[in-house]
Amino acid sequence: MKFLLIFKSLLIFILLFFFSKNTLSKECLTKKDLKIGLIENNYIDYKYYLYYALGEYSSNNEVLFDINLVDNNADEFDIIFGEFGDLKKLSSNKIIIPDRLQNFYKNNDIEILGNIFPLDLDTFILLSKNEIESLTFEELIEIYNPVKYTLGMSFLTNEEIINLLIYHLEEPSIDINSSSFELTTNLFKSIYKNINKNILNNNFLEVYNSFENSENVYTLFSDGILLNKNTDYNKFQLFPKSKYIWNQEKGIFEDNLEVNPISFYGFSAYLNNSQSSGFLCYLINEKVRIKAFKDFNIQLSPLSLNEVKSIENELPTAYIDILSKKNKNIFTPNYSLEFKNYNLFSEVFFNKKKLDTIFLDSLDYLNN
């Protein structure tokens, strides 16, 4: 009898222990001393947004925090923030994901990728202060304004140029021998003469200032710019694609009847320590997300329409349409692979090289 009582007590203890452990593992956990890392990029500065968000979070939860740049010391940080492509270079860690995070990404139809949590899903749009009808890429090339550049954009970040090419090719990788690649590079080469060359190597804020100063008929941004409360514009559209699309089966170009957004993960979080998940749970709070979209000019874009349901009535119908589709076609390019040919196609864009020579150069590269 005594043995039976001891056995029952032990069994109850074991069940309570594992139930408690499992329950806690599903909760957002708060570490009282947060070590935050940031992988900087030269296009957008996220530090001020992180300092503000951490300040609010630490005040509400009595948490201390420290932010430092990551420099071959990723293991020292609880959470690392940066562009998705940079975070993917870090070794993946197994972590416990709270239900709140699981549900957030499930509701936005976004797959959680190991211990990396996307907080930004970008697609390309053109913004204008002019009232202009929607157009194709070929029609964009034909626009000429005696006092403005046709297009303002930056080539500062190689990853964004790769994304832009993939966006137009609608393929997860760049095949420089394809007919679609030839068509797309010819279009970029043709529009180069009307590009604002003063901002080609500038950061986001300088490109934004160019837009504010009405230097361009159209300026290239990520779609999150539409939510910023201070952005004054008259017209926007998805970055136009060619009016033709290559049909691989038929071996011909056909009319491109529908332009759908192709999206790419941007600003993201790398969770190194499950005990620090509380800050990520704070960042995905609806009010915190809406404030980030509206008050911080960092092009932070919603993961889907679901994120902005509370302000849907404030949004243009055309943007609601984009948001309802943008999470359906998400590409994650292999940048290290694409960089091998980057100089080849970028030289075509800048009219430094003819398209027919790019194939000879690529063959020389492969033979080395």
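Start by selecting helix α7, residues 179-191, together with helix α13, residues 342-349: their axes are 7 Å apart and the helices pack at an angle of about 45°. Angles from 65 to 115 degrees count as roughly perpendicular and those under 35 as roughly parallel, and α7 and α13 are therefore oblique to each other. Now show the side chains at the contact: F181, T185, F188 and K189 on the α7 side, and F345, V348 and F349 on the α13 side. Sorted by class, this α7-α13 contact has 5 nonpolar residues, 1 polar and 1 charged. Keep in mind as you click around that this is a predicted model.

Leave α13 on screen and select helix α6, residues 158-169. The axes of α6 and α13 come within 12 Å and cross at roughly 75°. What do we call that arrangement of α6 and α13? They are roughly perpendicular to each other, because an angle between 65 and 115 degrees falls in that class. From α6, pick out N158, I161, I162 and L165; from α13, pick out Y342, F345 and F349. Those are the residues that make the contact. By class, the α6-α13 contact has 6 nonpolar residues, 1 polar and no charged ones.

**A lysine in a loop**

Next, go to K241, in the loop between β9 (235-238) and β10 (244-247). Is K241 buried or exposed? K241 has a relative accessible area of 2%, so it is buried, since the cut-off is under 20%. Look at what its side chain reaches. The K241 side chain makes a polar contact with the side chain of E170, at 2.8 Å. The K241 side chain also reaches the backbone oxygen of Y167, at 3.3 Å. Leaving out residues up to four places away in sequence, K241 touches a list of residues that includes T136, F137, E138, H168, N256 and I262.

N329 lies in the loop between α11 and α12 (335-338). With a relative accessible area of 31%, N329 is partly exposed. Setting aside neighbours within four places in sequence, N329 is in contact with P261, I262 and S263.

Now select helix α10, residues 286-295, and color V288, R289, I290, A292 and F293, which are buried. What do the buried residues of α10 pack against? They pack against α2 (47-61), α4 (99-107) and α9 (277-283). Zoom in on the start of α10, where a side-chain oxygen of N285 reaches to within 3.0 Å of the backbone nitrogen of K287.

Follow the chain into the loop between α10 and α11 (317-325) and stop at S304. S304 is buried, with a relative accessible area of 5%. The S304 side chain makes a polar contact with the side chain of N108, at 2.5 Å. Not counting residues up to four places away in sequence, S304 touches N108, L323 and N327.

**Two residues with positive phi**

Hop to D109, in the loop between α4 and β4 (116-118). D109 has a positive phi of about 55° although it is not a glycine. Then try S214, in the loop between α8 (204-212) and β8 (216-222). S214 also has a positive phi of about 55°, and it is not a glycine either. At 28% relative accessibility, S214 counts as partly exposed.

**Zoom out**

Finish with the whole protein in view. How many helices and strands are there? There are 14 helices and 13 strands. Of the 368 residues, 49% are buried. Among contacts between residues at least 6 apart in sequence, 76% join residues at least 24 apart.

Last, color by pLDDT. The mean pLDDT is 88, and 88% of the residues reach 70 or more. Select residues 1-25: pLDDT stays under 50 there, and the model has 4 contacts for this stretch beyond four places in sequence. Do likewise with residues 360-368, where pLDDT is below 50 and the stretch has 5 contacts beyond near neighbours in sequence.

Definitions and conventions
Residues numbered from 1 in each chain as written. Predicted model: local features only at pLDDT ≥ 70, side-chain atom pairs only at ≥ 80, totals over all residues. Heavy atoms only, no water. Buried < 20%, exposed > 50% of the residue type's maximum accessible area, 1.4 Å probe, protein only. Helix = DSSP H or I, 4+ residues; strand = E, 2+ residues; numbered from the N terminus. Contact = heavy atoms within 4.5 Å. Polar contact = N/O pair within 3.5 Å; in protein donor to acceptor, adjacent residues only side chain to side chain. pLDDT = per-residue confidence, 0-100. Axes fitted to C-alpha atoms, helices over the stretch in contact; angles between N-to-C directions. Parallel < 35°, antiparallel > 145°, perpendicular 65-115°, else oblique. Nonpolar A, V, L, I, M, F, W, Y, C, P; charged D, E, K, R; others polar.
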